[in-house]
Amino acid sequence: MLRLRVDRGKCTNCRFCESACAFTHTGQTVLKNSRIEVVQRAVEDQSYAIHVCHQCSLCPPLDVCPTGALTRDAQTGIVHIDTAQCPPGCRLCVDACPLHAIWAGTEGLILCDFCGGDPECVKVCYTEALFVREYALTPRGLGKHAEKSPLRPPLAKGGKGGFGPADSLRERHSG
Amino acid sequence: MRRMAVIDLAARTAEARDVPEDLRRRFLGGRGINTHLLFHAVNEWTDPLGPDNVLFLGAGLLTGLPWVGGTRCNFTAKSPETGHLGDSAAGGHFAAELRFAGFDHLVLKGRAGRPVYLWIHDGEIEFRDAAHLEPLNSAETQNAIKAELGDVKVQVAAIGPAGRRLVRWACIMHGVGDAWGRTGMGAVMGSKNLWAIAVRGNGAIPVADPARMMQVTEAHFAQITGTKGFLATSNYGTLIRLNNTRTQGYEGGFNHQQNMTELSAELDSDVFLDKYESGKASCFNCPTHCRHQHEVTLRDGKVKRGGGPEYYGAGGWGSQCGCSDWPTILEAWDYCNEMGLDTGSATAYTAWLMELYEKGIITEADTNGLPLKWGDHDAILGVLRQTVERRGIGALVADGWMSAARRIGRDAHRFFDHVKGLTIECDDVRGHRAQVLGLATASRGADHLRSRFTLEEFSLPEKVTEKLVGVPIPADALSYTNKEHACIWTEDVCALADSLGICKFLTKWLSVGLLGVGEFRDAIEAATGMRFSVEELMRVGDRITNMERLFLAREGMSRKDDAPPEKFTQPWTHGPRAGTRVEPEPFEALLDRYYATRGWDRQGIPREETLRALGLEKEGAFLADRRDVHFVWNAAPAEGVGTHAAAQG
């Protein structure tokens with residue numbers, strides 16, 4: 001079962017994911033309609049918040065949705081939103097999502113639909129801050145993940161090059 | 001549809017206009033349209049810091065699109081530092097957000113009665129009081145505005161204390177590391193009492209053919225990330241040049257007195273990456289993420305985090321000022337960014353003052369008792385602090401090097417390396433003929449981002465350069481043959497890149513495998529529906545270059561100003577290529593061929609037929625009265641500084 005994963009220590013805030021997402025979904029450049037967002041709070045911040053649906057096994061928005069507008073696809077495990085069923089003005093899921101992955105676009109609430117299994121944001125993320133992982137499905141939810149299959153040859157060769165500093169930044173933030 | 005906002009700061013009015021398609025076809029956007037508008041908005045008598053000067057902000061034609069690296073916009077005005085064409089580009093997220101906010105060009109006129117900042121959001125423009133931002137530096141100003149407007153996604157371009165105090169080489173800052181640095185645009189903004197521009201919007205940028213746009217983006221993304229040099233540029237950024245110039249023997253040291261120094265072991269980009277780099281940052285939609293972020297422990301024990309440095313700072317305070325201490329370089333770099341000083345000029349001014357001090361032309365009496373010893377931490381920071389505070393030696397150099405040189409006297413101007421009043425970069429390119437020519441002819445003054453034929457350094461086979469430029473360029477950097485074609489090609493490609501809003505790190509300016517004019521054409525067609533052929537696009541580049549030339553000609557500049565710095569006629573002192581210098585005779589012949597190929601006369605003034613072919617005859621009409629005058633002026637070139645800009649002050 002494929003899942004979108006985020007390694008925010010590697011993010012360099014280029015926001016190409018936002019552009020690619022908004023453009024492939026709507027054919028327009030309105031970044032508000034992107035299903036992923038990268039936020040730099042203060043100008044001197046060197047790490048960025050990446051808000052996107054992780055397709056968690058335990059999904060609070062699914063529990064709070066009063067109308068069933070949010071549904072989980074049994075096959076893929078992706079949570080979809082059907083804005084036609086949203087009660088007007090209801091933003092319960094927006095508040096319930098701990099990852100801030102649901103917000104209002106120009107036409108109703110939006111969240112990541114995983115692009116049918118081949119996310120555009122991952123394609124344009126050169127630093128691999130966004131990547132896709134295969135997980136085993138167990139009766140209790142997602143099991144162990146397989147090794148990340150690299151989208152392109154590894155950047156780091158012989159310890160130099162690649163994203164050593166960004167990696168250390170990630171350790172600092174995860175610690 | 002592209003929109004332009006004409007903003008009168010004195011009257012506090014703003015008016016939205018459409019940018020005519022005809023203008024877009026002729027000048028694309030960004031630098032091209034800015035230059036055209038500036039030409040018509042000011043004249044040769046306009047005071048750069050007066051209310052009559054007009055500041056233009058222009059986003060590139062392809063800025064903000066889901067394309068690779070459409071990040072940049074240009075600030076253009078008459079320069080207070082050089083006295084003529086002022087123009088500076090920067091990346092980051094500001095330009096894209098400006099377009100999302102509904103505007104592609106801003107025309108900033110007049111002078112506000114009290115400090116204001118502009119809040120531009122979703123097609124609306126508000127004037128807001130800025131007086132409370134007085135104690136804040138450029139980064140704090142941006143954060144304060146974000147907090148005040150209640151939106152972290154607001155992007156701000158702000159001046160720092162230097163710009164507010166009208167230091168003539170002040171820059172405009174965005175974030176902690178993006179600066180519209182060269183030619184003192186920050187001082188122009190300060191003179192207008194405009195302290196910041198904040199933008200935010202959710203508007204759509206129309207795309208003519210979305211499906212084609214996605215194909216083009218995918219192809220260009222693969223092309224850029226697939227080049228051999230990509231890992232190097234994304235890893236080292238501009239600092240790659242620290243190592244390049246050193247290994248090839250032209251790093252330039254001690255205010256260009258030497259071509260190599262012995263400081264180099266520590267001054268290495270790998271040392272920076274290992275010890276001080278804390279991360280990388282990207283501009284909008286750019287996979288290259290070449291910008292460094294650093295974390296450094298300063299002398300007083302404080303830990304400082306910031307953006308950068310770029311090569312200008314590292315090479316400038318490094319080999320040029322004789323400092324091999326990274327914490328000092330980073331502290332100076334951060335100080336410049338916070339105060340809003342152009343690091344390009346800051347490094348050159350510091351190196352210049354250090355040479356003057358070494359030669360005894362200035363003493364401690366001029367510097368408030370600060371000994372300006374080469375490489376000294378206190379000297380480097382002291383010069384910058386005194387400049388921002390306008391005391392000591394800073395009171396002199398804050399008004400630009402020309403004014404300082406006049407007041408210091410004793411031939412101080414002869415030690416300042418410049419072209420058309422703008423400092424040359426820290427490396428020493430006198431062994432590369434096309435680059436020297438590019439330095440001499442660059443429109444805004446000595447510049448690597450207008451005209452440096454970078455490919456000359458790679459000794460490419462002639463058949464590669466022939467495919468690119470149309471004429472075989474000798475692999476030998478020291479040859480003068482055909483170098484005029486290389487320079488013209490680079491100037492036109494750079495003009496195109498600036499007008500499209502793409503960074504030159506993604507173009508053939510840097511490497512043969514990157515985006516060229518053919519790729520520009522594809523992206524323009526997909527995004528805007530405007531069809532060009534490669535030749536037509538090159539003619540647009542030619543037109544922009546000629547437009548800038550007309551601006552310079554109106555300012556009284558001509559062949560006498562297309563000269564490399566005086567020090568370049570002296571031989572290199574060190575290394576395997578010692579003795580290399582720019583020989584006047586072949587260089588003048590090269591310049592003649594350059595003018596002839598461009599269709600300019602021997603004085604570097606565009607000929608009538610050249611202008612007519614480019615559709616610039618209206619703009620060039622003033623030349624009819626002036627052609628003879630230029631010859632008279634040039635008959636006896638002035639001694640010393642010699643430029644019109646110096647005379648104007």
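Buried here means under 20% relative accessible area, exposed means over 50%, and partly exposed lies in between, with a 1.4 Å probe and protein chains only. This is a predicted model, in which local features need pLDDT of at least 70, side-chain atom pairs count only at pLDDT 80 or more, and totals for chains, interfaces and linings use all residues. Residues are numbered from 1 along each chain as its sequence is written, chains are lettered from A and ligands numbered from 1 in the order in which they are written, and side-chain values use heavy atoms, with hydrogens and water left out.

**View 1. Phe75(B) meets Trp180(B).** Both Phe75(B) and Trp180(B) are buried. Their ring centres lie 5.0 Å apart and their planes stand at 85°, so this pair is edge-to-face. Rings of Phe, Tyr and Trp (its six-membered ring) pair if their centres lie within 6.5 Å; planes under 30 degrees apart count as stacked, over 60 as edge-to-face and the rest as tilted. The partners come from distant parts of the chain, 105 residues apart: Phe75(B) belongs to strand S4 (residues 73-78) of chain B and Trp180(B) to strand S11 (residues 178-180) of chain B. Helices (H or I, at least four residues) and strands (E, at least two) are DSSP runs, numbered from the N terminus. Over all chains, a search of the whole structure finds 17 aromatic pairs.

**View 2. Tyr349(B) and Phe416(B) form an edge-to-face aromatic pair.** Here the centres are 5.5 Å apart, with 90° between the planes. Tyr349(B) sits in helix H13 (residues 343-358) of chain B, while Phe416(B) sits in the loop between helix H16 (401-408) and strand S16 (418-419) of chain B, 67 residues apart. Tyr349(B) is buried at a relative accessible area of 0%, and Phe416(B) is buried at 4%.

**View 3. Helices H11(B) and H13(B) run roughly parallel to each other.** The axis of H11 (residues 311-320) of chain B comes within 9 Å of that of H13(B), and the two cross at roughly 5°. Axes are lines fitted to C-alpha atoms, for helices over the stretch in contact, and angles run from 0 to 180 degrees between N-to-C directions. Angles under 35 degrees count as roughly parallel, over 145 as roughly antiparallel, 65 to 115 as roughly perpendicular and the rest as oblique. Among the residues that meet are Tyr312(B) and Trp317(B) in H11(B), and Ala346(B) and Thr350(B) in H13(B).

**View 4. Helices H21(B) and H22(B) are roughly perpendicular to each other.** Their axes, from residues 517-528 and residues 534-554 of chain B, come within 9 Å and cross at roughly 100°. Phe520(B) and Ile524(B) are among the H21(B) residues in this meeting, with Leu537(B) and Met538(B) among those of H22(B).

**View 5. Asn285(B) is in contact with residues of chain A and chain B.** Asn285(B) lies in the loop between strand S13 (277-281) and strand S14 (291-297) of chain B, and is buried, with a relative accessible area of 0%. Contact means heavy atoms within 4.5 Å. Leaving aside neighbours within four places in sequence, the contacts of Asn285(B) include Cys14(A), Arg15(A), Phe16(A) and Ser19(A), as well as Trp67(B) and Gly69(B).
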